[in-house]
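Me: I would like to learn how to read the features of a protein model, one at a time. Could you take me through the general idea of each feature and then the case at hand?

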Amino acid sequence: MRLNSADATRATLAKIGAGPISDALGKTGAMNHAIRPRSANARMAGVAFTVRVHTADILMVSKALSECPKGNVLVIDGHAECNTALWGGLTTEAAFRKGLAGVVIDGAIRDSAKIARSRLPVFARAVVANAGGAEYVGELQIPIQCGGVVVNSGDWLVGDEDGVVVIPAARLDEAIGTAKKILQAESQIARAIRAGKDLAEILKCDEVLQRKGKEIFVPQLRATQNRASPPESSPTIRSK
């Protein structure tokens with residue numbers, strides 16, 4: 001079966017993984033370390049479908065699950081509230097049957113034993129027994145914050161055992177291209193290590209340290225100069 005463009009992109013991103021994508025974005029884009037994989041399958045890639053819920057309220061979660069397209073990642077801004085679960089076993093089963101690419105919750109889940117057996121990628125901040133109410137209206141398909149990162153509908157998410165990374169939609173091609181180059185370079189380094197070469201030598205650590213050693217920044221010197229008078233030159237000490 002021939003993959004369409006979105007399927008091919010999901011497969012490519014899932015194969016690349018979160019770490020190289022973060023590197024490709026300039027070591028940015030990663031959600032807070034507390035957003036961890038909670039299910040049996042941590043490999044995730046897809047377009048974000050966003051929802052912001054009222055704190056500790058699940059009313060909009062079911063609505064968002066209903067409207068989230070197959071192959072997308074449902075991203076829930078739960079305001080990092082960790083004492084009330086916004087997601088559980090039934091929503092996991094429904095999302096899996098619908099064919100969602102995954103779920104990311106900046107909040108808590110429950111039914112963790114059931115979720116731990118699911119093949120649906122589920123990432124969440126915490127686990128707790130308390131369930132949320134279902135009374136307050138939230139917002140769909142708006143810019144949200146999840147795990148300390150802004151997520152817009154249409155952005156791409158990549159998740160694995162290392163966490164979740166957000167790719168702004170406009171930087172998708174750039175991120176994939178750069179990540180592939182990074183993986184190629186890492187593969188070459190790995191081959192050199194297996195051939196018996198020293199990692200510090202491969203990375204030219206001595207050259208970098210020698211260059212860094214010629215110019216040592218002393219922050220205390222800047223603070224002293226600022227209290228006295230504007231410095232005439234950069235607060236730098238050069239080794240002789």
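Me: How many helices and strands are there in the protein?

Reply: Helices (H or I, at least four residues) and strands (E, at least two) are DSSP runs, numbered from the N terminus, and the protein has 9 helices and 12 strands. This is a predicted model, in which local features need pLDDT of at least 70 and side-chain atom pairs count only at pLDDT 80 or more, while totals for chains, interfaces and linings use all residues. Residues are numbered from 1 along each chain as its sequence is written, and side-chain values use heavy atoms, with hydrogens and water left out.

Me: What share of the residues is buried, and how much accessible surface does the protein have?

Reply: Buried means under 20% relative accessible area, exposed over 50%, and partly exposed in between (1.4 Å probe, protein chains only). Of the 240 residues in the protein, 40% are buried. Accessible areas come from the Shrake-Rupley method with a 1.4 Å probe, and for residues only the protein chains shown count as cover; the accessible surface of the protein comes to about 13500 Å², and 52% of that belongs to carbon and sulfur atoms.

Me: What part of the contacts in the protein joins residues 24 or more positions apart?

Reply: Contact means heavy atoms within 4.5 Å. Among the contacts with a separation of 6 or more, 73% are accounted for by residues 24 or more positions apart. Alanine 45, which is found in strand S2 (residues 44–52), is a case to look at: alanine 45 and proline 121 are 76 residues apart in sequence and 9.3 Å apart in space, C-alpha to C-alpha. Not counting residues up to four places away in sequence, alanine 45 touches Arg10, Leu13, Ala14, Val73, Ala101, Leu157 and Val158, and with a relative accessible area of 6% alanine 45 is buried.

Me: Is aspartate 160 buried or exposed, and what is aspartate 160 in contact with?

Reply: Aspartate 160, in strand S9 (residues 156–160), counts as buried at 4% relative accessibility. Leaving aside neighbours within four places in sequence, aspartate 160 is in contact with Gly17, Ala18, Pro37, Ala42, Arg43 and Phe123.

Me: Where is glycine 29 found?

Reply: Glycine 29 is found in the loop between helix H2 (18–24) and strand S1 (36–37), and with a relative accessible area of 18% this glycine is buried.

Me: At what angle do the axes of helix H1 and helix H6 cross?

Reply: Two packed helices are described by the angle between their axes and the distance between the axes. Axes are lines fitted to C-alpha atoms, for helices over the stretch in contact, and angles run from 0 to 180 degrees between N-to-C directions. The axes of H1 (residues 5–16) and H6 (residues 172–194) come within 11 Å and cross at roughly 40°. That makes H1 oblique to H6, since angles under 35 degrees count as roughly parallel, over 145 as roughly antiparallel, 65 to 115 as roughly perpendicular and the rest as oblique. The contact is made by Thr9, Thr12, Leu13 and Ile16 of H1 and by Leu172, Ile176, Ala179, Lys180 and Leu183 of H6.

Me: How are helix H3 and helix H4 placed?

Reply: The axes of H3 (residues 59–67) and H4 (residues 89–98) come within 10 Å and cross at roughly 10°, and the two helices are therefore roughly parallel to each other. Leu65, Ser66 and Glu67 in H3 meet Thr91, Ala94, Ala95 and Lys98 in H4.

Me: Which value of phi does histidine 79 have?

Reply: Most residues other than glycine have a negative phi. Histidine 79, in strand S3, has a positive phi of about 60° although it is not a glycine, and at 38% relative accessibility histidine 79 counts as partly exposed. Alanine 80 is also found in strand S3, with a positive phi near 60°, and is partly exposed with a relative accessible area of 33%.
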